[in-house]
Amino acid sequence: MKQWHKDSIVYQIYPKSYLDTNGDGIGDLRGIIRKIPYLQELGVNAVWLSPCYPSPGDDNGYDIADYRDIGPEYGTLDDFKELLAVAEEHGIRVLMDLVVNHTSDEHYWFQEARKSRDNPYRDYYIWRDPVDGHEPSENKAAFGGSIWEWDETTGQYYLHLFSKKQPDLNWENPKVRQEIVDMINYWLDMGVAGFRCDVINNLAKNEDGDILFGDRLHSYLHQLHTEALGPHGALTIGETWGLTPTQALALTGEERGELTSSFQFEHLLLGRIGGDKWMPEPVDRTAFVDILAKWENGLANDSYPVLVMESHDQPRALSRFGDRDKFPYESATMLAGMLYGMRGIAVIYQGQELGLHDPTFATLDEYRDIETFNGYKELKATGKYSEEEILARLQFGSRDCGRTPIPWTTGKEGGFTSGTPWIKTQVDKGFTAEEQDKDPQSVLNFYRKMLALRKAEAALGDGGVFELVMNKDHTSVYTRTCGDEVIYVVSRYDETEAAFPACVPADAKVILSNYEDGKTDVLRPYEVLWLKA
Ligand code: TEU
Ligand code: CA
């Protein structure tokens, strides 16, 4: 892995909700260009753009109709090339979203494939005959219904793990693999620095549409690495739900020649009964820290963890894992200081640096997300929940909680648009970039200090060995050691005070704290400190 990969602090942008500069209510590339100086001041050195390719928007851009262009609602390829240039001037690399498990059904390839069984593009996708007059298997799609959609014209089913407008590509087909290799090279030759790789461990399937984590997946990824990613030294961050550390190593170990890193999301399943996003339960805060430590240790030598707590698929961390009502600033900064003191590639989702909480959705029609609408249908179909209870569960788990526009100012629509936003904006006092920029005790300024230290301190770089020292009764301490430098990260993941942990040397110097007066003899509610011994 290249050094710049390891030093990356990646800021995820959901372009549709970042900044609209032409009044159509949709964020655009020119809006991102305008915010590059803000990102440089925050201290990030890479951005990951969620898809801004041409798309019908069935899954808000994760249904791509043309892999080699920019969607007109976001701007033009020239705008994108200007974004690359401006970002580079500010020391920021640009990663794109590689969504190659599936395309949109409006992609030229699928439009051709569905014309006839002998069309040259037919085997770009996965088609099956009915079995006893039914779908070939019982598997369910992520956004509802079967993974098999009937195509009347050709009398076969096609596979889609997500929506029926997102047909899965057939990675068995060498022509598909070559198309994707060529597309990756097209973007990397343009100056893109790498990719976040959407559901990248889904590429290989069996006859029933079950996802296979095995030799075929590894060979597909090895081909992408050998023929495109490796020669460009591209950074790849795989989106890989449900992996163990051992499986993650099999994808990202230095010697594998596949991906350079991959997300682990295990801690993001906490607070959900059986991981079901519509079924809340209290968050096991001890487990939260233990899981993060497990992955730090699991990838300690041969690979590199990815540190994440929010994305466009998640509600806001403050609402899920923090104390939004009583200690919003303290708990948002404690979660940040606890996570980003660890070893790995730091990924920050837009708005996380402002300590945003979930927006309030009063009615179903305020939502936009296909997964949420499907959740409504599934909860309703159980017959177990009132309308009010269903809306409360959507409010808890909807991906739209992380997709509302960034509140830049206290003005109309939070300064996001001069028009009508595509989804509601939520602007709460104290939760805008404008107010926080000037407030030394804001979440934004905590992130700025934290990221500057993360870059400055050798013990917080890839040479800094991680060790969990204690994690008991909601107080945790871990160290990062590099040579004779030791940094202690002390976190109080609770609304009550506790004794200051004795394992921290009395003469250790506070280099970061979310309380103004630094170290005292007790740990205060949601206090986080970085101390250098
Ligand atoms: O997400 C993969 C995925 O499975 C998510 O839907 C996740 O399981 C769920 O949102 C967790 O609550 C990727 C993209 O990040 C997501 O936005 C897309 O909808 C999906 O793939 C299909 O491309
Ligand atoms: Ca716009």
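Donors are N, O and S atoms within 2.8 Å of the metal, or 3.2 Å for Na, K and Ca; water is not among the atoms, so sites may look incomplete. This is a predicted model: local features need pLDDT of at least 70, side-chain atom pairs count only at pLDDT 80 or more, and totals for chains, interfaces and linings use all residues. Residues are numbered from 1 along each chain as its sequence is written, and side-chain values use heavy atoms, without hydrogens and water.

**Calcium site.** The donor residues of the calcium ion (ligand 2) are spaced D-x1-N-x1-D-x1-I-x1-D in sequence. They are Asp-20 (OD), Asn-22 (OD1), Asp-24 (OD), Ile-26 (O) and Asp-28 (OD), at 2.3 to 2.4 Å. Two of them have these accessibilities; buried means under 20% relative accessible area, exposed over 50%, partly exposed in between (1.4 Å probe, protein chains only).

| Residue | Relative accessibility | Class |
|---|---|---|
| Asn-22 | 51% | exposed |
| Ile-26 | 18% | buried |

**Helix α2.** Helices are DSSP runs (H or I, at least four residues), numbered from the N terminus. Helix α2 covers residues 29–42. It bends by about 45° at Lys-35, and Pro-37 follows within four residues. The bend is the angle between axes fitted to the seven residues ending there and the seven starting there. Buried residues of α2 include Leu-29, Ile-32 and Leu-39. After α2 comes Gly-43, with a positive phi near 110°.

**Contacts of Leu-49.** Contact means heavy atoms within 4.5 Å. Leu-49 touches Leu-29 and Ile-32, among others, not counting residues up to four places away in sequence.

Key. Chains are lettered from A and ligands numbered from 1 in the order in which they are written. Helices (H or I, at least four residues) and strands (E, at least two) are DSSP runs, numbered from the N terminus. The expected span of a helix is 1.5 Å times one less than its number of residues.
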